[in-house]
Amino acid sequence: MHIDRQSTLIETSYRASLQGAKFPVAMRFYSILFDLWTLTKPEVNFMIAMATFTGFCLGRADQTHPFPLSLALRTIIGTVFIASGAGTLNQYVERQFDAQMRRTARRPLAAGRLNPSVGFVFGITMAVIGGAYLAVAVNLLASALAGITMLSYLLIYTPLKRKSPVCTLIGALSGAMPPLIGWAGATGSLSSGAWVLYAILFLWQFPHFMAIAWLYRDDYERAGYCVLPPPDRRDAYVNWMTIVPLIALIPLSIVPSLSGNIGTVYKFGSLLAGVVFLYYGCVLALHKANLHARRLLLTSVVYLSVLFSLAIANQYIKS
């Protein structure tokens with residue numbers, strides 16, 4: 001009886017030790033998964049998915065067939081996969097510089113939580129899967145546009161950030177591609193409406209990034225990024241790169257080639273959103289402060305969400 005009790009205690013202790021050993025392994029596994037998820041930049045991918053879906057919806061707005069939800073989802077999934085690969089590879093390339101910035105120092109590769117080779121392989125895998133999936137499940141044009149976006153982002157924009165503020169222009173050229181990918185996914189071609197969407201997202205990125213650049217100007221400078229010019233020209237540069245695109249956005253957002261028969265709700269909604277966006281841009285131009293930059297950043301995200309939502313509603317719910 002004593003021996004049986006002792007055996008039971010030993011068995012219980014052994015099982016507890018096994019469970020204790022498994023717990024750290026499970027925690028490490030989930031930690032790695034979370035870090036891989038973080039590498040994909042999910043907050044950026046949400047905006048990319050929204051822009052891709054808008055391009056898809058507007059691209060097929062004049063078609064009478066039922067909405068191809070499956071094709072839309074395939075287009076978004078492929079685009080997000082290749083965007084995740086690009087974001088991961090960008091962090092792989094910039095991991096040493098990210099470690100010098102407070103904003104990015106806790107990223108998995110910059111903080112050393114993941115081996116760089118893991119990030120590299122993960123990024124390549126995501127990009128290849130995304131490009132191949134778009135080619136097979138959507139069409140070759142959508143895949144080609146996504147591939148061009150990724151290559152220009154990694155091979156031109158990323159190294160240019162350390163050389164010249166012109167990087168903002170190059171980054172905006174590639175960053176405005178998601179609506180084109182969505183439009184191509186829906187129609188297999190690109191028309192004037194697709195390019196209007198492209199122009200809107202292109203212009204939107206300047207005030208959006210100026211807000212980020214001003215907020216983290218010390219971080220960027222510490223890491224050796226040249227996203228803003230020297231201090232003696234910085235204020236004027238931020239003003240021009242913020243106000244001029246904001247002014248151009250207002251008439252561009254209501255051109256007929258974007259929205260067809262422009263509804264009253266869309267017309268006044270986009271105008272109001274544009275004026276509010278311009279207001280917060282002017283506030284930053286007149287009073288350089290982190291608070292105003294943060295408000296402009298938030299307004300930029302709200303503006304794009306509202307404008308794209310109104311554009312889709314205008315096509316499918318005629319007013």
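What follows is a working chat about a predicted model.

Me: Let's start with charges. How many salt bridges does the structure hold?
Reply: Four salt bridges.

Me: Which side chain does E94 meet in a salt bridge?
Reply: That of K161. The N to O distance is 3.1 Å.

Me: Where do E94 and K161 sit?
Reply: In two loops. E94 is in the loop between α3 and α4 (95-98). K161 is in the loop between α6 (140-160) and α7 (167-175). They are 67 residues apart, and the pair links distant parts of the chain.

Me: Are E94 and K161 buried or exposed?
Reply: Both E94 and K161 are buried.

Me: What about R107, which partner does it meet?
Reply: R107 forms a salt bridge with D98, at 3.3 Å from N to O. D98 has 3% relative accessibility, so it counts as buried.

Me: And R222? Which side chain is its partner, and at what distance?
Reply: D219. The N to O distance in that salt bridge is 2.4 Å.

Me: How are R222 and D219 placed in helix α10?
Reply: They are three residues apart in α10 (residues 217-223), so about one helical turn separates them.

Me: Is R222 buried or partly exposed?
Reply: R222 is partly exposed, because its relative accessibility is 36%. D219 is another matter: at 4% it counts as buried.

Me: Switching to aromatics. How many aromatic pairs are there?
Reply: The count is eleven aromatic pairs. One of them is W195 with Y198, an edge-to-face pair. Their centres are 5.5 Å apart, with 70 degrees between the planes.

Me: Which helix holds W195 and Y198?
Reply: Both lie in α9. They are three residues apart, about one turn of the helix.

Me: What kind of pair do Y220 and Y225 form?
Reply: Edge-to-face. The centres are 6.0 Å apart and the planes are at 80 degrees. Both Y220 and Y225 are buried.

Me: Which residues form one aromatic cluster with Y220 and Y225?
Reply: F97 and F209. The four residues form one cluster.

Me: Back to helix α9. Where in the chain is that helix, and what about L203?
Reply: Helix α9 covers residues 192-215, and L203 is in it. L203 counts as buried, because its relative accessibility is 17%.

Me: What does L203 touch, leaving out residues up to four places away in sequence?
Reply: P245, A248, L249 and L252. L203 and L246 are 43 residues apart in sequence, with C-alpha atoms 7.3 Å apart in space.

Me: Cysteines next. How many disulfides does the count give?
Reply: Zero disulfides. C167 is in no disulfide: the nearest cysteine sulfur belongs to C226 and is 8.0 Å away.

Me: Is C167 buried or exposed?
Reply: Buried, with a relative accessible area of 1%. C57 is also buried, at 2% relative accessibility.

Me: Now the backbone. What is the phi of K41?
Reply: About 55 degrees. That is a positive phi, although K41 is not a glycine. Most residues other than glycine have a negative phi.

Me: Where is K41?
Reply: In the loop between α1 (2-39) and α2. K41 counts as buried, because its relative accessibility is 14%.

Me: Last topic, the surface. Which residues make the nonpolar patch?
Reply: F67, L69, L73, I77, I129, Y133 and Y316. The patch is about 600 Å².

Me: Which elements give two or more residues to the nonpolar patch?
Reply: α3 (69-93) and α5 (116-137). The largest share, three residues, comes from α3.

Me: And F67, where is it found?
Reply: In the loop between α2 (42-59) and α3. F67 is partly exposed, because its relative accessible area is 31%.

Conventions:
Residues are numbered from 1 along each chain as its sequence is written. Side-chain values use heavy atoms; hydrogens and water are left out. Patches are made of residues with over 30% relative accessible area and no salt bridge: like charges are joined within 9 Å, nonpolar side chains (Val, Leu, Ile, Met, Phe, Trp, Tyr) within 5 Å. Accessible areas come from the Shrake-Rupley method with a 1.4 Å probe; for residues, only the protein chains shown count as cover. Helices (H or I, at least four residues) and strands (E, at least two) are DSSP runs, numbered from the N terminus. Buried means under 20% relative accessible area, exposed over 50%, partly exposed in between (1.4 Å probe, protein chains only). A disulfide is a pair of cysteine sulfur atoms within 2.5 Å. Contact means heavy atoms within 4.5 Å. Rings of Phe, Tyr and Trp (its six-membered ring) pair if their centres lie within 6.5 Å; planes under 30 degrees apart count as stacked, over 60 as edge-to-face and the rest as tilted.
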